[in-house]
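User: Hi! I'm new to this one, so could you walk me through it?
Analyst: Happy to, here it is.
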Amino acid sequence: MGSSLSFFLNPRGSVPVPPANPGLGDLPESCVASVMVYLNPSEICSLSMLNRGCRAASSADFVWESKLPINYELLIDRVFGGVDDFSNNLCKRDIYARLCRPSYFDGVSKKVWLDKGTGRVCLSISANGLAITGIDDRRYWSRIKTDESRFQSIAYLQQIWWVEVGGEVDFPFPAGSYSIFYRLQVGRSSRRFGRRICNSEHVHGWDKKPVQFQLSTSDGQQATTQCYMKEPGKWKYHHVGDFTVTGSAANTKVKFSMTQIDCTHTKGGLCVDSVLICPSEFTERLKRF
């Protein structure tokens, strides 16, 4: 009698009855992981803290491989010298986390990293990695140690007639649109009694003619912009232009320059920190700095 009643309530015998109040924790890990593919990395990390199932699902390789650049193995080979040495025993989540940490390449003049929120490639070239006309003549330029630079060093212009600061980078950028910025400051900042101050002693000549910025790529793209140097004591990102990468299987060579070569007057009091190459969607954010 009892066994007949039990079979009536659960006619499939050994198949368990679903919980009366199912919750997120009852979802199979594979289903949760399939949903995470459509979330950004920050959302995945937040969801992973809900319960054990979500935490386990967030470690799935296919989840984080979808967040890595499509050519991430080329990036690893370019920056770390080999995929095998870098990714041995690392899951895709750990590879993503490692690539989000800025890493030097080409000596100590360049850094590359993935933006944590988007997985997009960002690259920075220090003042030491740029070709600066007159940099070896202490009458014109000097190198200054500072904690206001990610490279801990900047180039400071005291006075010169001909300003030319350029460079190039040859890198396997993933497909997408990128923007180039010079990080510059008019005036020399320092600290006195714990307060940041700006010395404008050498600042002159930037209000007479604009500075010209240019870029060109190995596939023929070009851009030119101009602006006046203003706002002493404030680091600003000056937009050079944009370029687009359509494929991810080969390197893209990008050249860029900043010039003010009107020799009717001298210029001085300028700090050059670095050049930043980042996804174009970051442009408006950087222009606010």
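Analyst: One term to start: buried means under 20% relative accessible area, exposed over 50%, and partly exposed in between, with a 1.4 Å probe and protein chains only. This is a predicted model, where local features need pLDDT of at least 70, side-chain atom pairs count only at pLDDT 80 or more, and totals for chains, interfaces and linings use all residues. Residues are numbered from 1 along each chain as its sequence is written, and side-chain values use heavy atoms, leaving out hydrogens and water.

User: Thanks! How many helices and strands does the protein have?
Analyst: Nine helices and 15 strands. Those are DSSP runs numbered from the N terminus: helices are H or I with at least four residues, strands E with at least two.

User: Which side chains of β11 are buried?
Analyst: Val211, Phe213, Leu215 and Thr217, which point to one face of the strand (residues 211-217).

User: New topic: where is tryptophan 161?
Analyst: In the loop between β6 (153-157) and β7 (163-171). Tryptophan 161 counts as partly exposed because its relative accessibility is 45%.
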